[in-house]
Amino acid sequence: MEIEEVNSFEALPLLSLNHVSLLCRSVPESVRFYVDVLGFALIKRPSSFNFNGAWLYNYGIGIHLIENPYLYDEDMPNYEPRPINPKDNHMSFQCTDVGLVKRRLEEMEMRYVTAVVEEAGVNVDQVFFHDPDGYMVEICNCDKIPIIPLSSSSSSSSSVCFSTRMGSSFRKSEAAFGKCGFMERAMMESLSMDMMNVSI
């Protein structure tokens, strides 16, 4: 897939993903899921909000829940839970042990489906399941696949640069590498290893 440059404008000056905001039918039920199943922690929410919700945080990102009791009605006679479809919208979390994830989900009697992505002899295991409102969550070991840009250009406006800033802090050690940091070094190391494997 070739990505064409649409214009010469520079990308917005972003730092990182801050939060994902989700509508939920019941804040307490969703909070239980994100705390007990995914390991998020409740954090303080602005007191000026005049609607029911909750803020949670972990893994460098926030989940903001906004209550809407009319989101769907599972009391309807023909209500059926949404099928778990790996091709549906979802948020994904990296994990250390996919087998352990599956065992824990089974202990909690949660429905899930699995998939395997194969790329150049490397297998990535994926586990998909729903939160209480039908939003899909993926747990995977996706770090097995190197991050390689499709194309790059010598012009600074269109070159690929992955930011590794955590929140609003900037690690001085990365400043020595210019605008780019950890991800670029990781990609170059991965590419170098691939080239060494090919040449041996």
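Visitor: Which residues do ring pairs link into a cluster?

Guide: In this predicted model, the cluster consists of Phe33, Tyr34, Phe40, Tyr59, Phe93 and Phe129, linked by ring pairs. A search of the whole structure finds eight aromatic pairs.

Visitor: Why is the pair of phenylalanine 33 and tyrosine 34 called edge-to-face?

Guide: Two values settle the matter. The ring centres are 4.9 Å apart, and rings count as a pair if their centres lie within 6.5 Å. The planes stand at 85°, and planes over 60 degrees apart count as edge-to-face. The pair is therefore edge-to-face.

Visitor: Are phenylalanine 33 and tyrosine 34 buried or exposed?

Guide: Phenylalanine 33 and tyrosine 34 are both buried; the word stands for under 20% relative accessible area. Of the 200 residues in the protein, 25% are buried.

Visitor: What makes arginine 45 a charge over the ring of phenylalanine 51?

Guide: Arginine 45 lies over the face of phenylalanine 51, at 4.9 Å from the ring centre. The distance limit is 6 Å, and the charge must also be within 35 degrees of the ring normal.

Visitor: What is the order of the four strands in the open sheet?

Guide: The order is 5-8-7-6, with mixed pairing.

Visitor: Why do strand 5 and strand 6 stand at the edges?

Guide: Strand 5 (90-94) and strand 6 (113-119) each have a single partner strand, so one side of each is left without a neighbour in the sheet. On average, neighbouring strands of this sheet are turned by 25° against each other, direction ignored.

Visitor: What makes strand 6 and strand 7 a pair?

Guide: Pairing takes at least two bridges. Strand 6 and strand 7 (residues 122-130) have seven bridges, in the antiparallel sense.

Visitor: Which strands does helix 2 touch?

Guide: Helix 2 (residues 98-107) packs on the sheet and touches strand 6, strand 7 and strand 8 (136-140). A touch here means heavy atoms within 4.5 Å. The direction of helix 2 makes about 20° with that of strand 7.

Visitor: How many helices and strands are there in the protein, and what pattern do they follow?

Guide: There are four helices and eight strands. Along the sequence the pattern reads β-α-β-β-β-β-α-β-β-β-α-α.

Visitor: What percentage of contacts between residues at least 6 apart in sequence join residues at least 24 apart?

Guide: That share is 53%.

Terms used:
Residues are numbered from 1 along each chain as its sequence is written. This is a predicted model: local features need pLDDT of at least 70, side-chain atom pairs count only at pLDDT 80 or more; totals for chains, interfaces and linings use all residues. Side-chain values use heavy atoms; hydrogens and water are left out. Helices (H or I, at least four residues) and strands (E, at least two) are DSSP runs, numbered from the N terminus. Axes are lines fitted to C-alpha atoms, for helices over the stretch in contact, and angles run from 0 to 180 degrees between N-to-C directions. Rings of Phe, Tyr and Trp (its six-membered ring) pair if their centres lie within 6.5 Å; planes under 30 degrees apart count as stacked, over 60 as edge-to-face and the rest as tilted. Buried means under 20% relative accessible area, exposed over 50%, partly exposed in between (1.4 Å probe, protein chains only).
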